[in-house]
Amino acid sequence: MSEKTENLVKVTIDGKEILAPGKLSTIQALWHAGYPRVKSVGCLEGVCGSCRIMVRRAGSTDVTMELGCQTLIEEGMEVSFLVFPTPSHHTYELGEIRNSWEVQAHFSRIFPEADHCRNCHGCTVSCPKGIQVERGVELAVKGRFREAGELFVECVMCNFCMTACPEFIAPNHVGIFARRVTAYFHIRPSNLINRLEKLRRGELQIRDQ
Amino acid sequence: MAMQGIPYSEALRNYSVKTFREPAGEVQEPEQLLRSFHPDYYPGTTVTLRVGVNRGDACHHQLAEVLQADARIDEADLAGAAIRETDVLVIGGGGAGCAAALVAARAGARVILTTKLRLGDSNTVMAEGGIQASIEKDDTPQMHLDDTLRAGHYRSDRRLVARMVADGPDVIRWLIQQGMQFDLDKYGDILLRRAGGTSANRVAYYRDYTGLEMMRVLRESVTNSNIEVLDYSPAVELLSNEEGHCGGAVISSLKDYSYTLVKAKAVIVATGGIGRMHINGFPTSNHFGATGDGLVLAYRLGAGLRDLDSFQYHPSGLTWPQHLAGTLITEGVRSAGAYILNGQGERFVDELETRDLVSSAILRECAEGRGVEVGDDIRGVWLDTPGLELRNPGTLAARFPKLIQLGKRSGIDLYHQPLLIYPTLHYQNGGVVIDENGCSSVPRLYCVGEVSGGIHGKNRIMGNSLLEIISFGRRAGAHAAEKSHRRGHKKVSIEHVSNLRRELTLAEMPMEKQGPALFPECAKFENDSDYDGLRRNRKGRP
Ligand SMILES: Cc1cc2nc3c(=O)[nH]c(=O)nc-3n(C[C@H](O)[C@H](O)[C@H](O)COP(=O)(O)OP(=O)(O)OC[C@H]3O[C@@H](n4cnc5c(N)ncnc54)[C@H](O)[C@@H]3O)c2cc1C
Ligand code: SF4
Ligand code: SF4
Ligand code: FES
């Protein structure tokens, strides 16, 4: 099972022609060929969203958005790395929303563009995690934050959907907002609250000597 | 060298799915098992430090090499560097750094957070298993303390552990208040599972994405606050004032290839672990930036370190296929009831023993010829996922979506074929000595999270690290902010680097290597011409 017996694959990464074993990811292939690569690398496990690449496969004109650590190289593939995901222009503090009756009003103020979604599917098509991003935005606009947030369980905040959105909605931040307000206003576990109360009353002392 | 194991194809032919397998029974002579097989005890792994506060202490030789390396910069590099000022400078954008920054900023301090790559690229985002907090009615903080001390072989700082376990429930509340979700039962109570080597169900979680959920919420909180974030900006040196107190740091930018001096009234180092140093040649579960930088920075300024010879090897790292070697399979799979089998199909250790014992037992099986051999020096033992699914149908799909993805990428159908595992370098048990506010022995220098030492003793239990980073991150953030009304430093410099060079020369140590490492060797940062601007003065050095 040594390298010699494995098929080598030819790919172009950031303009460099590389010959490497086909089981390697695009990042591993660059390293394998001796090229330095520091930026756009992170967890190497598909959860940090740093390794954003654009990919064109042999015989196809389609360009797809993918995660470089999760995409294995294929014969004739062209890859280019994107760097520095840009932050969103929306800002908010959960603390300024006084109670859960006001969430929707605050949402419209923080994300005014969400209402203008043109259902172009750009966000959903670009998502490397297969998230129904557009649907998430639609649910959030209707105030169905819990449902909207559930769609974003696997979101790694790679920002592809944000780049794709012609209305500057920042759909991933809409998704995280929906998740955060759900926790902030609706997670009230009695086992936790009970324990905090016991600690407050000093009933659970620890021997620290 | 280890004995030849059972060839992969033969072992696979011998494997069959079974509902029952004889348990392995208790580990006989655990101390002996560790001494004979745990990598911390490999002959020749430790050396004695010759330079710095810990001179005379045992230290792993790879770590010693970076602790006693030359600095990356000298005065000439700082000529013309921009100078910034702030109250609190946080170095490292993982869970510990974000928690510290948030608390300090909310207490009114001006905060700059600088991080090596993208904010949130960290070990934190990768955590799967969950976070410990004694919440269940038959559990207590005292039991949490006892379990932590026992698992760490009674080598922890008891006071630190006492603070951490007492903080546990409030840490969970704080996280929920930042907008983090946890898995709940149908009444809305937090679900808890059991970590190996503990006496109660105490690990709260969100699917097998606990770290991802925590990190994206903290990142969102930070970017929506008045904290100034400098990303792609690794710190390369700390700054000291006339009295040797910490006075800020030198930050390098991977965006514009320049250095900036950030003067700060307090510095909180939260740079995480060392997995990418590949201690003892092991593969690792850690993220790309885990190169032990914080240890080097703090040590040079005179901060004391501890347990520099103690590392955690997680029992279930994937070992085949080779390009995924080191990838973590969460302990949750063993908690759920998966067995570990040798090449003969036998269980050989209680799967829920502490991690150091389970890993040592795996290394023993492999060394004594009962492992599975793939060739090219790759060997391991089986993680019996088909058996788990047979006993508890539906478990894999419901609880381990990330594991199923991993099976797909490995080309292995984990419903029918076991995975080959081998210990993977996972965690740095030791680190910078701190007190209950995260203060190191150098005034105005705080160290929190994986970079600090003392909490886990010689072995850490699942879920205690995520608790530690938030507990001590918050403590340090609050303490540093309280002190931020102090006057700023008059003069800061990298004078301590000259002292280091003098000591290295006196001790006749080699000076070729420079630290902190910043990136793993495979990435070839040192040869990357993009960053020549950061190395202008290298060659001219005496
Ligand atoms: C795969 C995996 C699974 C895990 N699962 C669990 C679990 O289930 N439960 C649990 O409790 N623990 C778990 N752990 C351990 C736990 O995740 C980590 O110990 C913890 O998250 C460390 O947090 P931290 O903030 O100290 O460091 P990190 O989260 O690693 O953050 C450190 C940050 O500092 C930055 N940095 C490093 N050097 C520099 C520098 N020179 N300048 C600027 N920035 C720098 C890094 O880039 C990074 O952003 C797991 C670890 C791994 C790797
Ligand atoms: S929802 Fe957007 S940010 Fe999240 S993973 Fe998909 S494309 Fe990336
Ligand atoms: S890309 Fe923007 S406009 Fe298009 S569907 Fe998605 S959210 Fe709507
Ligand atoms: S490196 Fe983190 S998602 Fe690819």
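In helix H9 of chain B, the buried residues are Asp293(B), Gly294(B), Leu295(B), Val296(B), Leu297(B), Ala298(B), Tyr299(B) and Arg300(B). The model is predicted. Chain B has 542 residues, and 66% of them are buried. The residues listed around ligand 3 belong to chain A, Cys117(A) and Ile169(A) among them. Those that come nearest to ligand 2 include Cys127(A) and Cys161(A).

**Chain B overall**

- Chain B contains 16 helices and 23 strands.
- The C-alpha trace of chain B spans about 70 × 55 × 40 Å along its principal axes.
- Take the contacts in chain B between residues at least 6 apart in sequence: 75% of these join residues at least 24 apart.

**Helix H9 of chain B**

- H9(B) covers residues 293-300 and is mostly covered, with eight of its eight residues buried.
- The buried set includes Asp293(B) and Arg300(B) as well as Leu295(B), Val296(B) and Leu297(B).
- Gly302(B) follows H9(B) and has a positive phi, near 105°.

**Tyr415(B) and its loop**

- Tyr415(B) lies in the loop that runs between helix H14 (401-410) and strand S19 (419-428) of chain B.
- Its relative accessible area is 32%, so Tyr415(B) is partly exposed.
- Beyond its neighbours within four places in sequence, Tyr415(B) contacts Pro386(B), Glu389(B), Leu396(B), Ala397(B) and Ile404(B).
- Ile404(B) is eleven residues from Tyr415(B) along the chain, and their C-alpha atoms are separated by 9.4 Å.

**Ligand 3**

- Ligand 3 sits in the second largest cavity.
- Cysteines around ligand 3 include Cys117(A), Cys120(A), Cys123(A) and Cys165(A).
- Arg118(A), Asn119(A), His121(A), Glu134(A), Pro166(A) and Ile169(A) are also around ligand 3.
- By class, this shell holds six nonpolar, two polar and two charged residues.

**Ligand 2**

- Ligand 2 has 14 residues around it.
- Cys127(A), Cys155(A), Cys158(A), Asn159(A) and Cys161(A) come nearest to ligand 2.
- The shell around ligand 2 divides into eleven nonpolar residues, two polar and one charged.

Conventions:
Residues are numbered from 1 along each chain as its sequence is written. Chains are lettered from A and ligands numbered from 1 in the order in which they are written. This is a predicted model: local features need pLDDT of at least 70, side-chain atom pairs count only at pLDDT 80 or more; totals for chains, interfaces and linings use all residues. Side-chain values use heavy atoms; hydrogens and water are left out. A residue is near a molecule or strand if one of its heavy atoms lies within 4 Å of it. On a 1 Å grid over the protein atoms alone, a cavity is a set of points where a 1.4 Å probe fits but cannot get out, and a pocket is an open set with protein on both sides within 12 Å along at least five of seven lines; lining residues have an atom within 4 Å of a point. A molecule sits in a cavity or pocket if more than half of its atoms lie within 2 Å of its grid points. Ala, Val, Leu, Ile, Met, Phe, Trp, Tyr, Cys and Pro count as nonpolar, Asp, Glu, Lys and Arg as charged, and the others, Gly among them, as polar. Helices (H or I, at least four residues) and strands (E, at least two) are DSSP runs, numbered from the N terminus. Buried means under 20% relative accessible area, exposed over 50%, partly exposed in between (1.4 Å probe, protein chains only). Contact means heavy atoms within 4.5 Å.
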